[in-house]
Amino acid sequence: MLRLYNTLTRKIENFVPLNPPLVTYYSCGPTVYDFAHIGHARTYVFSDILQRVLEWSGYKVKRVMNITDVGHLTSDSDTGEDKMEKGAKREGKTVWDIAKFYTDDFFVMLQKLNIKTPQTICKATDYIKEMIDLVKVLEKKGFTYTIEDGVYFDTGKISDYGKLTGKSKEELEKGQKAGFRVEIVPGKRNPMDFALWKLTPKGVKRQMEWDSPWGKGFPGWHIECSAMSMKVLGPTIDIHTGGVDHIPIHHTNEIAQSEAATDKKFVRFFLHGEHLFVDGEKMSKSRGNFYRVADIEKKEYSPLALRYLFLTVHYRTQMNFTWKSLNASQTALTNLYDHIRKHIQNGAKEGKLSKEAQKVKKEFEEAISSDLSLPLALAVVWDTVKGRLSSSDIYTLLLQFDTVLGLGFSDIHVSIAPDIQALILKRDEARRNKNFQEADKLRSMLEKKRFAVNDTSVGTIVIPRNNNAKR
Ligand code: AMP
Ligand code: ZN
């Protein structure tokens, strides 16, 4: 039985979807105004693992992720600039160009980290009509009021506002006052009220704006996710994910407006991933303390080593990024690849598991089903490779485990470990620069690691030596 921590109840609960075997699943996607960093990557590896665990458990996952390409303001609340317009100004491009460029970059990152792309990707700007319709419903039911700045949701009209946070309205209000560098929006009835539709101020021409019954403007950030989730997946969904920063504002407001509109439960299970830190501070664009996947590749680390690193810490625990830990992960992953190569060379074949191996598989399943305890699952992986099962059992188990881990085990027979790739690349560069001394040095390094080295027109080709290569 799959057990998941539900932020709504602050408990680990048995997960059963509303309409098995279907699971409806929505993940808040990125705001595409700048490069994604490895902090974002941690959140998307977590939501990918969840999808894979659901599939392992036999469910059919229907998953949506949005791309926020309008409406997310710099304050997460209703003040400040639209992040997209800010990005466009910074780069002297249109918002549409900015959105396309960073959306493409985001998907490249997902691919490098072996993150499955959700079946449906919703761009906020493609669902403006649905957002306006949702605001109309809320208006008709008396949950909104209009001020100069836009149409606002009146949180005073609902009794359970903020239930996701486990805090009272008063506590939330205090937190909001303390937490925001607020310019308070004039005319707001309650501090926690939030914009559903922002009106373009008089005399201003925005790059992104649409006509609406209330005037030209653009949707609030929160209404985007509610409208797209309900449109594609229905009024009540099984699972919704995001980072923990979404709990007090974004997801709280999504719940308020969705449930006010439909009188139905919006989400059954909310799961939130903890943040990635660096030197004790949250990795973020605004702090400037971030690395991109491209930065780790520049240092010759494999993106899959980063994925491995994320799996070593439970998703609900904060994690501090260090190069040392990434290095250790790369070594661990290379070791696992070596084990797999060794078993392939021993003639291992994927097949039916022995009784002993089935027991090991159960242990792995128990770990992943226990609120995605991937660190425990990795421990089972290491027990497996170090244990006494047959080569075929070990190989079969690793391939099955990898449907959840996503560490590229099934590509092993064709792929060469990242540290070797790095040596090959260096050698090719040395040869291009006619630095033959360096090229020879790298050749002997590769040979010491038990690879046969051939010079070809497409560069260095290496072949692992056949005698149980221990590189
Ligand atoms: P954004 O593009 O800012 O809307 O963020 C996209 C997702 O990445 C959200 O779910 C955030 O919670 C998450 N995120 C942002 N920074 C971090 C971080 N340092 N660690 C983990 N997740 C993060
Ligand atoms: Zn969202």
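## Terms and model

The model described here is a predicted one.

## The zinc site

Three protein donors lie 2.1 Å from the zinc ion (ligand 2), namely the SG atoms of C28 and C225 and the NE2 atom of H250. Along the sequence these donor residues follow the spacing C-x196-C-x24-H. Because C225 belongs to helix α6 (residues 221-233) and H250 to helix α7 (residues 247-262), this pair ties together parts that are 25 residues apart in sequence.

## The cavities

The model holds five cavities of 30 Å³ or more, and the largest cavity has a volume of about 140 Å³. This largest cavity is lined by 13 residues, of which F46, F310, L311, V313 and Y315 are the closest to its centre. By class, the lining is made up of nine nonpolar, two polar and two charged residues.

Which helices supply at least two residues each of this lining? They are α1 (38-56) and α9 (303-311), and α1 gives the largest share, with five residues. In terms of domains, the lining of the largest cavity takes at least three residues from domain 1 (23-273) and at least three from domain 2 (289-311 + 320-413).

Technical notes. Residues are numbered from 1 along each chain as its sequence is written. Chains are lettered from A and ligands numbered from 1 in the order in which they are written. This is a predicted model: local features need pLDDT of at least 70, side-chain atom pairs count only at pLDDT 80 or more; totals for chains, interfaces and linings use all residues. Side-chain values use heavy atoms; hydrogens and water are left out. Donors are N, O and S atoms within 2.8 Å of the metal (3.2 Å for Na, K and Ca); water is not among the atoms, so sites may look incomplete. Helices (H or I, at least four residues) and strands (E, at least two) are DSSP runs, numbered from the N terminus. On a 1 Å grid over the protein atoms alone, a cavity is a set of points where a 1.4 Å probe fits but cannot get out, and a pocket is an open set with protein on both sides within 12 Å along at least five of seven lines; lining residues have an atom within 4 Å of a point. Grid points are joined across faces, edges and corners, and a volume is the space filled by probe spheres set on the points. Ala, Val, Leu, Ile, Met, Phe, Trp, Tyr, Cys and Pro count as nonpolar, Asp, Glu, Lys and Arg as charged, and the others, Gly among them, as polar. Domain bounds come from an automatic or database domain assignment.
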